[in-house]
Amino acid sequence: MWKYKRFTIVVLLSVLSNCAFGQQSRSPVDSAINWPSPEVEQVYVHGQNYLKLGNFKDATDAFRHAMNLAPTVWQVQKALGTAQYSAGEYKNAAKILDNLVQKYSTDASCHDLLAACYAAQQHYKKGRNALNNGLTKFPNSGLLYNRMGCLYISENKLGKAAAAFLKGIIVNPEYYPNYRDASSVYLNSQNPLWGMILGEMYLNLATDTSGFKHIKQNLYNGYKTLYSSLTDAQLTKRKKHNHYSPEQHFEAQVTSIFEQLYPVISDGISTENLTMLRTRLLMEIMEHNYSAQADR
């Protein structure tokens, strides 16, 4: 399996036991923009309304007009790049956004959008460079690490993708898309354990439930994979030779707990016994106070 140096387990466990985070803001508050005149602001608002309606042509025209009236308001240029990206004009959007991040002190989402433009054109190296430049300015941005992971997935570099998502979790644990995407990578591997842990955390953290159906199906399949090779005879044999010890790595500890909880799902995996399994897992983790770091 993929290797990570001293992955911070205590971060994951603190989220499991106290899921009180919200999603990181992805854009600056429009009300904080220092408009040169109310007329310019009104043109910008019209552009945003067109954008929400999917009218990208009129949105682009409005933002271009606003940019001519207020060339130093970087949020207008960002909005223009967003409209062009939404319309599939990736090359034009990248040109606007690249100029924007080089000349102005913007936000992390500008670098994210620029990388998305490059990714849409399959210019993955340029996309990574845009993200690395962004991470220099915003080292704790879960958003940028998430985009980095997505770029690696597009290149079928799943190990690097997982590493990017996990790094995003460590530096920005409240940004929940990284849990979802890391979970998907692991659940589609031969070792679903981490996918299940991260997927459960995503379900507890996320305020946007649109991706729940997909991740729940993946989790269901993950539990089936984990328990498919276990029989009562195998578990009895393992219990005789493998006992819990504080020196065990976190992954081995959790695996041991899942094995001990096999009777909970021995009659089949269902919503009811999975709920019981999750509850028992958290009780065991908190009882043993698993706060060690693990070399992975």
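What share of the contacts in the chain with a separation of 6 or more comes from residues 24 or more positions apart? The share is 61%, where a contact means heavy atoms within 4.5 Å.

The model is predicted, so local features need pLDDT of at least 70 and side-chain atom pairs count only at pLDDT 80 or more, while totals for chains, interfaces and linings use all residues. Residues are numbered from 1 along each chain as its sequence is written, and side-chain values use heavy atoms, without hydrogens and water.

The chain holds 15 helices and zero strands. Both are DSSP runs numbered from the N terminus (helices: H or I, at least four residues; strands: E, at least two). Of the 296 residues, 47% are buried, meaning under 20% relative accessible area with a 1.4 Å probe, protein chains only. C110 is buried, at 0%. C117 is also buried, at 0%.

Helix α9 covers residues 158–171. Its 14 residues reach 20 Å from first C-alpha to last, close to the expected 20 Å. The expected span is 1.5 Å times one less than the number of residues. Buried residues in α9 include G159, F165, L166 and I169.

Helices α11 (residues 193–205) and α14 (residues 250–260) pack at about 85 degrees, with axes 11 Å apart. Axes are lines fitted to C-alpha atoms over the stretch in contact, and angles run from 0 to 180 degrees between N-to-C directions. The angle makes α11 roughly perpendicular to α14, a label for 65 to 115 degrees. L193, W194, M196 and I197 of α11 meet F250, E251, V254, T255 and F258 of α14 in this contact.

Key
Buried means under 20% relative accessible area, exposed over 50%, partly exposed in between (1.4 Å probe, protein chains only). Angles under 35 degrees count as roughly parallel, over 145 as roughly antiparallel, 65 to 115 as roughly perpendicular and the rest as oblique.
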